[in-house]
Amino acid sequence: MAPGSSILVVEDEPAIQELIAVNLEHAGHRVLRAASAEEAQQSIHDALPDLVVLDWMLPGDSGISLARRLRSDRRTRDIPIIMLTARAQEQDRVAGLEAGADDYVSKPFSPRELIARVKAVMRRRAPHLTDETIEVAALSVNPATHRVTANRQAIELGPTEFRMLHFFVTHPERVWSRAQLLDEIWGDHVFVEERTVDVHIRRLRKALEPTGHDGLIETVRSAGYRFCAS
Ligand code: CA
């Protein structure tokens with residue numbers, strides 16, 4: 001996982017919250033904490049986390065109802081969620097998954113198990129946040145070293161072009177609007193003009209031109225851009 005991926009831990013029991021937070025920090029994550037659904041919403045309002053570890057039983061609003069709320073809002077619906085619960089019954093598991101949780105960990109759990117689940121959910125839901133090398137169409141993109149090669153030739157990219165290419169190779173075939181690309185690449189709550197996206201697309205294409213990879217980034221008229229891996 002990329003260093004600094006942020007994880008919001010929503011758990012009202014201080015000892016468990018501490019145990020989870022310490023272990024996630026040890027695994028290289030940036031940890032935010034909340035002791036209730038209300039605190040969690042405030043934290044998410046301030047900045048989107050990359051993943052939420054969410055306890056089912058909370059004082060006030062339950063974890064399930066927070067999960068539902070996050071899923072119903074355009075801004076938060078793609079945040080991966082792992083539910084924690086003391087309930088291990090099948091029907092509870094189904095209710096959790098129906099509310100939008102990506103995975104489910106029953107208490108008591110070992111920190112190692114939770115970290116493994118976090119890693120698996122991130123890999124599945126947010127491949128752009130893992131540090132695994134992506135290989136596609138003779139392009140190799142390594143987020144750990146920021147090295148890019150095309151047909152085994154090294155390609156020099158600026159940091160924004162790198163993030164843009166990494167986002168594209170992990171989200172191929174789909175059309176992304178300029179506003180979506182700003183959210184995904186520059187970050188939520190960042191106010192940058194949409195035409196800035198075009199500037200960086202141009203730079204990225206130019207860097208990919210010598211090996212003919214510039215054609216992989218298609219302009220979709222009046223919609224945005226698409227990375228075509230095939
Ligand atoms: Ca609890």
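## Getting started

A helix here is a DSSP run of H or I covering at least four residues, and helices are numbered from the N terminus. Keep in mind as you look around that this model is predicted.

Let's begin with an open sheet of three strands, whose order is S10-S12-S11 and whose pairing is antiparallel. Strand S10 (175-176) and strand S11 (217-220) are its edge strands, each pairing on one side only. Strand S12, residues 224-227, runs antiparallel to S10 and is joined to S10 by two bridges. To find this pairing in the model, look for Trp176, which stands opposite Tyr225 in S12.

Helix H6 (residues 159-170) packs on this sheet and touches S10, S11 and S12. The direction of H6 makes about 65 degrees with that of S12.

Next come helix H7 (residues 178-186) and helix H8 (residues 195-208), which pack with their axes 9 Å apart and at an angle of about 70 degrees. Angles of 65 to 115 degrees count as roughly perpendicular, so H7 is roughly perpendicular to H8.

Which residues make the contact? From H7 come Arg178, Leu181, Leu182 and Trp186, while H8 brings Thr196, Val197, Asp198 and His200. Sorted by class, four residues of this contact are nonpolar, two are polar and two are charged.

## Salt bridges around Arg117

Side chains of opposite charge can pair when their charged atoms come close. The model has 14 salt bridges, and Arg117 takes part in one with Asp103, at 3.0 Å from N to O. Asp103 sits in strand S5 (residues 103-106) and Arg117 in helix H5 (residues 111-125), so this pair ties together parts that are 14 residues apart in sequence. Asp103 is buried, at 13% relative accessible area, whereas Arg117 is partly exposed at 23%.

Arg117 also forms a salt bridge with Glu113, where the closest N and O atoms are 3.1 Å apart. Glu113 and Arg117 are four residues apart in helix H5, so about one helical turn separates them. Glu113 is partly exposed, with a relative accessible area of 29%.

Helix H6 now returns to the story. Glu161 and Arg203 form a salt bridge whose closest N and O atoms are 3.8 Å apart. With Glu161 in helix H6 and Arg203 in helix H8, the pair links distant parts of the chain, 42 residues apart.

How values were computed. Residues are numbered from 1 along each chain as its sequence is written. This is a predicted model: local features need pLDDT of at least 70, side-chain atom pairs count only at pLDDT 80 or more; totals for chains, interfaces and linings use all residues. Side-chain values use heavy atoms; hydrogens and water are left out. Two strands pair if DSSP finds at least two bridges between them. Contact means heavy atoms within 4.5 Å. Axes are lines fitted to C-alpha atoms, for helices over the stretch in contact, and angles run from 0 to 180 degrees between N-to-C directions. Angles under 35 degrees count as roughly parallel, over 145 as roughly antiparallel, 65 to 115 as roughly perpendicular and the rest as oblique. Ala, Val, Leu, Ile, Met, Phe, Trp, Tyr, Cys and Pro count as nonpolar, Asp, Glu, Lys and Arg as charged, and the others, Gly among them, as polar. A salt bridge is a side-chain nitrogen of Lys or Arg within 4 Å of a carboxyl oxygen of Asp or Glu. Buried means under 20% relative accessible area, exposed over 50%, partly exposed in between (1.4 Å probe, protein chains only).
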